[in-house]
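Here is a short report on pockets, a helix pair and backbone details. Please view the chain alongside the text.

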Amino acid sequence: MATGRTHRPATRSRGIPEATVARLPLYLRALTALSERSVPTVSSEELAAAAGVNSAKLRKDFSYLGSYGTRGVGYDVEYLVYQISRELGLTQDWPVVIVGIGNLGAALANYGGFASRGFRVAALIDADPAMAGKPVAGIPVQHTDDLEKIINDNGVSIGVIATPAGAAQQVCDRLVAAGVTSILNFAPTVLSVPDGVDVRKVDLSIELQILAFHEQRKAGEDNAAHEGAVAAPVAHDTTDQGPDGDVPAVMPA
């Protein structure tokens, strides 16, 4: 079976924009759900709505894949699943190591979605000697002393860092030196990597802070609208005033 070390995704060589690449997993998730329901075809409008994008953007994204659909019929669901999976490199085996098997690392190890999406958790690695040999999600945890050997033996090119922030850069450096060229970083810190190494950062606290900002803004808008309604003066239309000029245009209910 092909491994991540010997095969790379085709997206860069085909010149697909990064923004389009970022949306491909959204389309694939929506298409997979349709496939599981045995839906044979889907229109661009329906698929765009399921993926949370507009249909014009979807059609543009698919044009980079050479897929234009059929007028009046739409897109073939199974073919698109294959086509997007191929572009993302999911038609091959991608061995992954997770470093840092605390609560988050253990949760990631137990996530069942990796295998169904082309990723195989090849090893779990932790610096705590007490964790060595302990099974997590059926996989025995190995010590960080063996990190380089584990990477080499399994042909790993994708590493997941779920360590505390203080240890993340050192782990990153060791992963890169061992041949890992793509890193998913869950540690709350920014990693420094050389050219040719891709890093995707997942920071749950930042996402929550962004949501808090939007909640605060919505609350502020609601309060402003309420205060504006309460403080609004009663309007008087002078054209409808009586001869004494004392008939309000808006009568109390």
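**Model and chain**

This is a predicted model, in which local features need pLDDT of at least 70, side-chain atom pairs count only at pLDDT 80 or more, and totals for chains, interfaces and linings use all residues. Residues are numbered from 1 along each chain as its sequence is written, and side-chain values use heavy atoms, with hydrogens and water left out.

The protein chain has nine helices and nine strands. These are DSSP runs numbered from the N terminus: helices are H or I with at least four residues, strands are E with at least two. Of the 253 residues in the protein chain, 36% are buried. Buried means under 20% relative accessible area, exposed over 50%, and partly exposed in between (1.4 Å probe, protein chains only). Take the contacts between residues at least 6 apart in sequence: 57% of them join residues at least 24 apart. A contact means heavy atoms within 4.5 Å.

**Pockets**

A pocket is an open set of points on a 1 Å grid over the protein atoms alone, where a 1.4 Å probe fits, with protein on both sides within 12 Å along at least five of seven lines; lining residues have an atom within 4 Å of a point. Grid points are joined across faces, edges and corners, and a volume is the space filled by probe spheres set on the points. In the class counts, Ala, Val, Leu, Ile, Met, Phe, Trp, Tyr, Cys and Pro are nonpolar, Asp, Glu, Lys and Arg are charged, and the others, Gly among them, are polar.

| Pocket | Volume | Lining |
|---|---|---|
| Largest | about 1800 Å³ | 40 residues |

In the largest pocket, Pro25, Leu88, Leu90, Phe119 and Arg200 lie nearest the centre. The elements giving two or more residues to its lining include helix H1 (18–36), helix H4 (77–88) and strand E3 (94–99). H1 supplies the largest share, 10 residues. By class, the lining of the largest pocket holds 23 nonpolar, seven polar and 10 charged residues.

The largest share, four residues, comes from H8. The classes here are 12 nonpolar, six polar and two charged.

**H1 against H3**

The axes of H1 and H3 come within 11 Å and cross at roughly 105°. Axes are lines fitted to C-alpha atoms, for helices over the stretch in contact, and angles run from 0 to 180 degrees between N-to-C directions. H1 is therefore roughly perpendicular to H3, a term for angles of 65 to 115 degrees. Thr20, Arg23 and Tyr27 in H1 meet Lys57, Leu58, Asp61, Phe62 and Tyr64 in H3. These residues divide into four nonpolar, one polar and three charged.

Asp61 sits in helix H3 (residues 55–64). Is Asp61 buried or exposed? Asp61 counts as buried because its relative accessibility is 1%. Beyond neighbours within four places in sequence, Asp61 touches Thr20, Arg23 and Tyr27. Its C-alpha atom is 8.4 Å from that of Ile16, 45 residues apart along the chain.

**Positive phi in loops**

Ser38 is not a glycine, yet its phi is positive, near 60°. Ser38 lies in the loop between H1 and strand E1 (41–42). At 63% relative accessibility, Ser38 is exposed.

Ala137, also not a glycine, has a positive phi of about 55°. Its loop runs between strand E5 (135–136) and strand E6 (139–143). Ala137 is partly exposed, at 40% relative accessibility.

Methods. Parallel < 35°, antiparallel > 145°, perpendicular 65-115°, else oblique.
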